[in-house]
Amino acid sequence: WMNTLKSSSAHFLILLTLRVILVFKVICSFFDSAFRKKIRAQVRRPDGLDTFWALCIWSFPNTHQWTKTQPAEGMSRGRPDPAAERKILAFINERNRPFNVQGIVDGLHGEVKKTAAQRALEALANREEITLKESGKSKVYYARQDQFDVPPPEELSNMDVEIKRLTEELEAIKQECSELNGSCVQLGNMMTLDEMHQEIEQLKQSNQSLDERLAAIKEGGAVIQPGERESKETKVRQMFTEWKRRRRQCKEVVDTIADGAQKDPGELMEDLGLESDEDAQVNLAELEQQINLDSGHQDKRRRSR
């Protein structure tokens with residue numbers, strides 16, 4: 001009998017527990033949407049916040065210790081660094097002009113990181129040690145102007161005159177520096193003293209070689225008169241021009257015949273027994289350059305007369 005009673009009590013407790021859980025689930029499903037919205041607005045929990053945690057937090061308001069609360073609006077996480085605050089405050093007061101966070105970091109050359117600088121600026125602005133101006137999402141920080149002495153109008157006028165004078169002096173110095181840089185570039189492109197001595201020695205050797213060649217020509221006794229030399233040079237140029245004309249015509253004929261016979265021009269010339277300038281080891285470009293040089297020397301001689 002006792003065993004039967006114990007078994008019936010256990011079954012009754014199990015059924016009662018299941019009924020309580022079922023009712024609890026129904027209530028949770030009914031209020032689930034409202035609980036989720038309110039809890040997510042108050043605490044920073046993952047998106048997968050289940051109904052059990054929602055009810056626990058709803059029932060016990062002091063559960064913010066179990067969760068990570070959001071920082072106040074406009075404040076960065078973490079505690080401000082007093083050393084960073086002192087550096088930034090001294091920097092802003094010394095420069096006395098507007099700065100954003102990145103400008104402060106760049107101005108301090110990386111001594112304060114951007115996150116630490118943001119916290120320090122917000123702390124200084126909250127204590128009204130510096131002034132904060134917001135324009136949309138951008139924030140600009142600058143020194144409080146009531147800590148500086150305002151000079152009288154006469155001193156301001158004198159300062160403007162001094163600024164104008166220094167500006168003109170700066171422009172003159174810049175112009176002088178530009179001219180000196182140009183002179184340095186020119187001097188850098190010129191030969192050094194050692195290079196000049198080497199060039200002089202090479203010219204002396206070349207001059208001596210030309211003198212020896214000229215002396216050998218004079219000793220040979222074959223002296224050409226100026227008129228005869230000009231006549232021969234003119235004839236050479238005429239022959240060279242005719243050579244080029246006939247060479248061009250021959251090449252056109254060979255190309256036409258080779259095209260009709262479907263042969264390579266070089267193969268056709270070999271079959272016909274024709275020799276090209278290359279076969280005779282004649283460089284037409286070098287000959288033309290030599291003739292043009294001789295023509296230039298002749299024109300110089302004519303002008304010198």
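In this report, a contact means heavy atoms within 4.5 Å. By that criterion, residues 24 or more positions apart account for 51% of the contacts in the protein chain with a separation of 6 or more.

The structure is a predicted model, in which local features need pLDDT of at least 70 and side-chain atom pairs count only at pLDDT 80 or more, while totals for chains, interfaces and linings use all residues. Residues are numbered from 1 along each chain as its sequence is written, and side-chain values use heavy atoms, with hydrogens and water left out.

**Overall layout**

Let's start with the fold. The protein chain has 10 helices and two strands, where helices (H or I, at least four residues) and strands (E, at least two) are DSSP runs numbered from the N terminus. Along the sequence the order is α-α-α-α-α-β-β-α-α-α-α-α. Of the 305 residues, 16% are buried; buried means under 20% relative accessible area, exposed over 50%, and partly exposed in between (1.4 Å probe, protein chains only). The chain exposes about 24900 Å², with carbon and sulfur atoms supplying 55% of that area; accessible areas come from the Shrake-Rupley method with a 1.4 Å probe, and for residues only the protein chains shown count as cover.

**Helix packing**

Two packed helices are described by the angle between their axes and the distance between the axes. Here the axes are lines fitted to C-alpha atoms, for helices over the stretch in contact, and angles run from 0 to 180 degrees between N-to-C directions. Angles under 35 degrees count as roughly parallel, over 145 as roughly antiparallel, 65 to 115 as roughly perpendicular and the rest as oblique.

Helix α3 (residues 82-95) and helix α5 (residues 114-126) have axes that come within 9 Å and cross at roughly 70°, so α3 and α5 are roughly perpendicular to each other. On the α3 side the contact is made by Ala-84, Glu-85, Ile-88, Leu-89 and Ile-92, and on the α5 side by Ala-117, Ala-120, Leu-121, Ala-123 and Leu-124. These residues divide into nine nonpolar, no polar and one charged; Ala, Val, Leu, Ile, Met, Phe, Trp, Tyr, Cys and Pro count as nonpolar, Asp, Glu, Lys and Arg as charged, and the others, Gly among them, as polar.

Further along, α8 and α9 pack at an angle of about 105°, with their axes 9 Å apart. That makes α8 roughly perpendicular to α9. In this contact, Val-254, Asp-255, Ile-257 and Ala-258 of α8 meet Pro-265, Leu-268 and Met-269 of α9, a set of six nonpolar, no polar and one charged.

**Aromatic pairs**

Rings of Phe, Tyr and Trp (its six-membered ring) pair if their centres lie within 6.5 Å; planes under 30 degrees apart count as stacked, over 60 as edge-to-face and the rest as tilted. The count comes to two aromatic pairs.

| Pair | Centre distance | Plane angle | Class |
|---|---|---|---|
| Phe-91 and Phe-99 | 5.0 Å | 50° | tilted |
| Phe-240 and Trp-243 | 5.8 Å | 85° | edge-to-face |

Phe-91 and Phe-99 are both buried. Phe-240 and Trp-243 lie in helix α8 (residues 226-261), three residues apart, about one turn of the helix. Phe-240 is buried at 8% relative accessible area, whereas Trp-243 is partly exposed at 30%.

**Positive phi in two loops**

Glu-128, in the loop between α5 and β1 (130-135), has a positive phi near 60° although it is not a glycine. Its relative accessibility is 53%, so Glu-128 counts as exposed. Gln-262, also not a glycine, has a positive phi of about 55° and is found in the loop between α8 and α9 (265-272). Gln-262 is exposed too, at 76% relative accessibility.
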